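My notes follow in the order in which I checked things.

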Amino acid sequence: MWPFPANRRPAPVAAPAAAPAAPLRERSSDHRTAFILLALGGAAIAAFGIAAISSIFSSIFFALVLTICVYPVRHWLEARGVPRGVATVAVLVAVVGLLAAFVGALIIAVGQFLTLLPQYEPQLQAWFASIGAWLEGLGIGAEQADAIVGGFEPTAVIGWLGSIAGSAAGLISSAVVLLTLLILMASDSSYASTITAGISLRRPATGRALLRFSDGVRRYMVVTTVLGAAQGIINWIALTIMGIPGALLWGLLSFLCSFIPNIGYFIALVPPIVFGALTGGWPLVVGVLIVYGVFNAIIQSVIQPKVVGNAVSLNQTITFVSVLFWAIVLGPTGAILAVPLTLLVRMLLIDSDPRTDWLKPALGEVDDAKREMQAEDAAAKARRHAQRDAKKA
């Protein structure tokens with residue numbers, strides 16, 4: 001029974017007023033630090049996982065890049081009524097031809113280097129001995145100088161190349177895996193356009209990201225191949241005219257290193273300088289620096305950015321860091337495929353999510369920023385002119 005009369009019941013106690021809800025932006029930022037740490041931890045785990053399966057991952061991604069590069073051949077053939085089976089065979093032949101050309105250039109380069117190096121072994125040993133004496137003159141101990149120079153002696157280099165050649169079984173197994181992947185991807189690429197159209201219909205942002213990734217990889221690889229070939233031919237001709245031994249070899253090296261952004265140029269520059277110094281002294285060294293500096297700077301700094309355009313949309317800092325990162329994770333193959341791999345990460349994390357569009361200018365899409373800077377420069381120039389006119393008046 002109720003303990004109070006009906007007209008004497010205590011007044012109900014008012015519930016405490018609810019605290020005003022925090023703004024959505026503040027609530028979403030409460031755990032931002034935790035989200036950042038989780039993302040960094042996940043990225044570290046993913047990097048270590050990729051490094052653990054680097055040989056398999058490199059083969060898969062390299063096959064994917066080659067398939068993307070030759071896909072326009074399939075599209076061109078099918079648009080002209082060629083059966084899909086014939087188009088698949090044509091794509092497979094094209095992609096295997098690209099692979100064979102790349103491997104053949106690498107084998108020729110290593111073989112010529114193994115033939116050329118013993119011919120100049122006495123000169124190289126004398127040169128390294130002079131370097132050791134110079135290091136001792138700087139106050140470095142004899143043992144430390146010998147340890148520094150010993151890693152670059154011809155015998156050490158030949159032994160290193162011999163260890164690479166001795167792993168033929170591993171190279172053959174990797175080639176079999178890569179060839180199998182190329183056959184399967186060339187066959188599956190017949191459904192690529194239909195699948196991409198379906199994805200674009202259901203997930204427009206993801207579809208656009210996939211198309212942008214494939215177009216960017218294709219344009220980057222094709223343009224780099226063409227300009228790298230031109231660069232290698234120019235260097236070969238110039239080195240032949242200067243009489244530097246192994247000119248064809250250094251031209252091939254220049255072509256192969258053109259796929260390594262920023263760093264490849266310096267890798268390709270060192271051997272011609274060394275052999276130029278052995279055969280002709282400082283005049284040939286200066287000639288090599290001029291040839292590589294002029295022609296390679298024009299090709300890589302002027303022609304290539306204009307041809308590639310905004311297909312890559314990665315600034316120079318990110319490109320350089322990506323080479324270092326993927327070289328650590330995947331080795332030399334990672335350095336060669338650094339830009340396509342970074343485009344893959346960008347496609348997965350940035351381009352496929354419209355909410356991250358604000359990050360794109362920081363990555364390399366600076367067209368809007370350039371227009372804003374031009375407007376700011378024009379306004380600043382107008383203010384300076386106005387101030388000068390005011391002083392004159």
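Entry 1, H3 and H4. I started with how this pair is oriented. The model is a predicted one, and in it helix H3 and helix H4 pack with their axes 9 Å apart, at an angle of about 140°. The two helices are therefore oblique to each other. I noted the hand of the crossing as well: H3 passes H4 in a right-handed crossing.

I then listed who meets whom. From H3 the residues are Phe62, Leu66, Thr67, Val70, Arg74, Leu77 and Glu78. From H4 they are Arg84, Ala87, Thr88, Ala90, Val91, Ala94, Val95, Leu98 and Leu99. Sorted by class, this contact of H3 with H4 holds 11 nonpolar, 2 polar and 3 charged residues. For reference, H4 covers residues 84-116.

I stepped back to get the overall counts. I find 18 helices and 0 strands in the chain. The chain has 393 residues, and 33% of them count as buried. I also looked at how far apart in sequence the contacting residues are. Of the contacts between residues at least 6 apart in sequence, 72% join residues at least 24 apart.

Which residues have the most contacts inside the largest nonpolar core? I noted Phe213, Trp250 and Tyr292, in a core of 59 residues. Helix H3, residues 54-79, supplies the largest share of this core, with 8 residues.

Phe213 is then in contact with Phe61, Ile68, Pro340, Leu343, Leu344 and Met347. Two of these names, Phe61 and Leu344, come back in the next entry, in the contact of H3 with H16.

Helix H16 spans residues 338-351. The H3 and H16 axes are 11 Å apart, and the helices pack at an angle of about 90°. I therefore record H3 and H16 as roughly perpendicular to each other. H3 contributes Phe57, Phe61 and Val65 to the contact, and H16 contributes Pro340, Leu341 and Leu344. By class I get 6 nonpolar residues here, no polar and no charged.

I followed Phe57, which lies in H3. Apart from its neighbours within four places in sequence, Phe57 is in contact with Ile50, Leu330 and Leu341. Phe57 and Leu330 are 273 residues apart along the chain, yet their C-alpha atoms are separated by 8.4 Å.

The axes of H14 and H16 come within 9 Å and cross at roughly 100°. This pair is therefore roughly perpendicular too. On the H14 side I wrote down Ile318, Thr319, Ser322, Val323, Trp326 and Leu330. On the H16 side I wrote down Ala338, Val339, Leu341, Thr342 and Val345. The residues of this contact divide into 8 nonpolar, 3 polar and no charged.

Is Thr319 buried or exposed? Thr319 has 10% relative accessibility, so I count it as buried, the cut-off being under 20%. Thr319 is found in H14, which runs over residues 316-330. Setting aside its neighbours within four places in sequence, I find Thr319 in contact with Pro261, Asn262, Leu314 and Val339.

I ended with a residue in H10, the helix of residues 204-242, where Arg208 has its place. Arg208 has a relative accessible area of 55% and is therefore exposed. I checked the distance from Arg208 to Asp351: the two are 143 residues apart in sequence, and C-alpha to C-alpha they are 7.9 Å apart in space.

Terms used:
Residues numbered from 1 in each chain as written. Predicted model: local features only at pLDDT ≥ 70, side-chain atom pairs only at ≥ 80, totals over all residues. Heavy atoms only, no water. Core = buried A, V, L, I, M, F, W, Y, C linked by side-chain atoms within 4.5 Å. Buried < 20%, exposed > 50% of the residue type's maximum accessible area, 1.4 Å probe, protein only. Helix = DSSP H or I, 4+ residues; strand = E, 2+ residues; numbered from the N terminus. Contact = heavy atoms within 4.5 Å. Axes fitted to C-alpha atoms, helices over the stretch in contact; angles between N-to-C directions. Parallel < 35°, antiparallel > 145°, perpendicular 65-115°, else oblique. Left-handed = near helix turned anticlockwise from the far one by under 90°. Nonpolar A, V, L, I, M, F, W, Y, C, P; charged D, E, K, R; others polar.
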